[in-house]
Amino acid sequence: MLLRFRVENHASLRDEQELTLVSSECHPKRAEAEVPGSSELVTVPVAAIYGPNASGKSNVIDAITWMRWAVLSSYRRWDPTGGVPRRPFQFRRNPEDHPTDFQIDFAVDGVRHAFGFSVDDTRVRNEWMVYYPEGRARRLYDRDDKDEVTFGRWLTGRRKTVADSLRSNSLFLSVAAAQGHEQLSRIFRWFQFGLVVADDSDYSGRLEHTLHLLLEDDVHRPESRAVAMLLSYADLGATGLEAKEFDETDDEELRRVRQALRDAVGSRLVVEPGRFKDVRVRHRTTDGEFTLPLSHESSGTRTWIGLLGVVVSALMRGAVLCVDELDARLHPQLVDALIGMFASAEVNTRGAQLVFSSHDMTLLGRNAQTELSRDQIWFTEKDPGTLATNLFPMTDFPVRDTDNFEHRYLLGRFGAVPYLDDDFLPRLVELLEREDVNEGEEAAPADGEVETAGATSLPHLL
């Protein structure tokens, strides 16, 4: 389970921001789990992040994504001499002088762990991990800015071997997993399989996962049956999926492309095709069964198919699934139903969690089938002066779970709504109706307007 995530200086998240899935409020009907070491705190199964465009809600998901990527890839895939490919806050002087910090609290096998690290453009500045067996903090390791690692006596295994393979721009945890360190490999696998992210950049991988569960696994396995059920449940008119196994020996074009890329950038380049090609969606009508290429389906259908595998796997494994813009291209009722799978104590029996960003305010209203409690709702706002993101929970406001959150949000009671200039439309109408604006001519500046070289009146007004 995910307990807390903290980040500082990533994208628009300039100052330290914290997202917590720990609550002191118990709701028996939702899929809660006790926080290890506490009988009073529980984890929430769903956390929703709302905010206007460009407020930074996607960057919260992106920060989780980046931390996960650093753990999984810093040793095996980062260029050994290429520094750290981070994304610091850019809207200040000398952004390269400010480190980026990540911290995460999570539970593996019922034991709480805390892990964090700090990076700059060239190296890992520090890294640490502690865990809490029997509720007491035990240090596993500490790494300083000279890549010297201090081990706690609770870290067993070949510690020195791992330290000897450490690079300045790779995480100790990444190296330990690559070296087969048993104790730390369990933590690595949590980042690999227990923390899953879904965004547009990894659609092809998620589609592969859906196809793997539906086509390669035993069709009688729960995962395969669940994917098939959810495909039909969405009322997309789809009854199944088909795909051909990719055979590299039959694909001359891929061989030519791979060789050309290797000739251009070197032999270290790895080009791995997917396992499937020619994906088609089956439809049954009164005239029989037909198939359409996946590319001919609606964007909503493609989005849903791409989510099926990770949703089913998260529920089956009890994993954390993070989705950016969950409502994009999906009907609100379908999004509501998906959230309900994670929120339901009957469906979500293994402690899976869903963290998502959204613009869909109907999910906060009384017409939503899945009720989100105030401890599950977060907002992002961007400071108008610094353009830095501020992340804050609804619990900062005096509201009750019986209140209409959607109505209050629309009224601006929580902030995190776009500021729209009420005078804009009248000014735009006035500009467009000016009698002195003729085809091919520029209008003279109105009172209060400043004429800008190289800019026409309308772009200047906007």
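Helix H5 passes helix H6 in a left-handed crossing. The model is a predicted one. H5 covers residues 203-216 and H6 covers residues 222-233, and their axes come within 8 Å and cross at roughly 115°. Angles of 65 to 115 degrees count as roughly perpendicular, and H5 and H6 are therefore roughly perpendicular to each other. On the H5 side the contact is made by Thr210, Leu213 and Leu214, and on the H6 side by Glu223, Ser224, Val227 and Ala228.

H5 also meets helix H8, which spans residues 299-317; the axes of these two helices come within 8 Å and cross at roughly 65°. That angle makes H5 roughly perpendicular to H8. The crossing of H5 past H8 is left-handed. From H5, the residues Tyr203, Arg206, Leu207, His209, Thr210 and Leu213 take part. Their partners in H8 are Arg302, Thr303, Ile305, Gly306, Leu307, Leu308, Gly309, Val310 and Ser313.

Strand S16 runs from residue 320 to residue 323, and both of its faces are covered. Val320 and Cys322 are buried on one side, and Leu321 and Val323 are buried on the other.

S16 pairs with strand S12 (residues 195-198) in the parallel sense, over four bridges. In this pairing, Ala198 stands opposite Val323 of S16. S16 also pairs with strand S17 (residues 353-358), again in the parallel sense and over four bridges. Here Cys322 stands opposite Val355 in S17. Between S16 and S17 the chain crosses through helix H9 (residues 332-343), and this β-α-β crossover is right-handed.

## A sheet of three strands

Strands of a sheet pair through backbone hydrogen bonds, either parallel or antiparallel.

S13 and S14 (residues 276-285) pair in the antiparallel sense over five bridges. Within this pairing, Lys244 stands opposite Lys277 in S14.

## Phe115

Phe115 has its place in strand S8, which covers residues 111-119. Is this residue buried or exposed? Buried means under 20% relative accessible area; Phe115 has a relative accessible area of 0%, so Phe115 is buried.

Met129 lies 14 residues from Phe115 along the chain, and the C-alpha atoms of Phe115 and Met129 are separated by 4.4 Å.

## The whole protein

The protein has twelve helices and 19 strands. It has 462 residues, of which 46% count as buried. Among contacts in the protein with a separation of 6 or more, residues 24 or more positions apart account for 61%.

Notes
Residues numbered from 1 in each chain as written. Predicted model: local features only at pLDDT ≥ 70, side-chain atom pairs only at ≥ 80, totals over all residues. Heavy atoms only, no water. Buried < 20%, exposed > 50% of the residue type's maximum accessible area, 1.4 Å probe, protein only. Pairing = 2+ DSSP bridges. Right-handed = clockwise from strand over helix to strand, strands pointing away. Axes fitted to C-alpha atoms, helices over the stretch in contact; angles between N-to-C directions. Parallel < 35°, antiparallel > 145°, perpendicular 65-115°, else oblique. Left-handed = near helix turned anticlockwise from the far one by under 90°. Contact = heavy atoms within 4.5 Å.
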